[in-house]
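Reader: Hello! Could you walk me through this structure with a few questions and answers?

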Amino acid sequence: MSSATISSRRVYSGRVINLDVDRVRFPDGSEGELEMVRHPGASAVVPFLSDPEGVDPQILMIRQYRYAADGYIYEIPAGRLDPGEEPEVCAARELREETGCTALRMDRLFTMYTTPGFTDEKIHLFMATGLTSGDAERESDEFVELVPMPLSTALAMLERGEIQDAKTALGLLYAAGFRTNS
């Protein structure tokens, strides 16, 4: 027997998330309440400035201010899905808005749950190639610096703990391990 929702009560509705208290039936038949953060999902993209199959390809990272992290962190471009928006369209939009770049090709890497213990948020990860530069269209609360670097540098930063964002770490590792010759 799998878990099943018996009832759900919305206790908070916000701009980014909603919070529900769900009464659920667990796999063993017992019941309990769980607080669930509801999120519309997001897309993230590992942008390659050079051929990902080349020797130590160049990628485009961003260094972005994050209030929750109490400062600036290194990330790949990402953002929330708009209602009805397809993940690939969101990835292309976020790449353009945050970096000013458009991609000739957008390849799906994988989809992940961020923290399934308390949220239903999924992030769809993509790899962008054939980039063309343009003008960024950042939101008023986005403070972003573009940081081009070799993939090997990003992986070394990850190993040293300088990249702490989970979607970025998984996106870089997936792209390096499964999509490139690095």
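Reader: In the loop between which strands is V16 found?

Author: Happy to start there, with a word on the model first. It is predicted, so local features need pLDDT of at least 70 and side-chain atom pairs count only at pLDDT 80 or more, while totals for chains, interfaces and linings use all residues. Residues are numbered from 1 along each chain as its sequence is written, and side-chain values use heavy atoms, with hydrogens and water left out. Strands (DSSP E runs of at least two residues) and helices (H or I runs of at least four) are numbered from the N terminus, and the loop that holds V16 lies between β1 (4-13) and β2 (18-25).

Reader: Is V16 buried or exposed, or partly exposed?

Author: Buried means under 20% relative accessible area, exposed means over 50%, and partly exposed lies in between, using a 1.4 Å probe and protein chains only. V16 has a relative accessible area of 32%, so the residue counts as partly exposed.

Reader: What is the order of the strands in the open sheet of four strands?

Author: Two strands pair if DSSP finds at least two bridges between them. Strands β4 (residues 42-47) and β7 pair in the antiparallel sense over three bridges, with A44 opposite A78 in β7. The pairing in the sheet is mixed, and its order is β7-β4-β9-β8. The edge strands, each pairing on one side only, are β7 (78-80) and β8 (102-113).

Reader: Which helix packs on the sheet, and what angle does its direction make with that of β8?

Author: Axes are lines fitted to C-alpha atoms, for helices over the stretch in contact, and angles run from 0 to 180 degrees between N-to-C directions. Contact means heavy atoms within 4.5 Å. Helix α1 (residues 87-99) touches β4, β7, β8 and β9 (122-132), and its direction makes with that of β8 an angle of about 120°.

Reader: What separates the C-alpha atoms of S43 and L81?

Author: S43 is found in strand β4 and counts as buried, at 0% relative accessibility. Beyond its neighbours within four places in sequence, S43 is in contact with residues including L81, C90 and F126. S43 and L81 are 38 residues apart along the chain, and their C-alpha atoms are separated by 6.9 Å.

Reader: What is the phi of D70?

Author: Most residues other than glycine have a negative phi. D70 is found in the loop between β5 and β6 (71-75) and counts as exposed, at 71% relative accessibility. Although D70 is not a glycine, its phi is positive, at about 60°.
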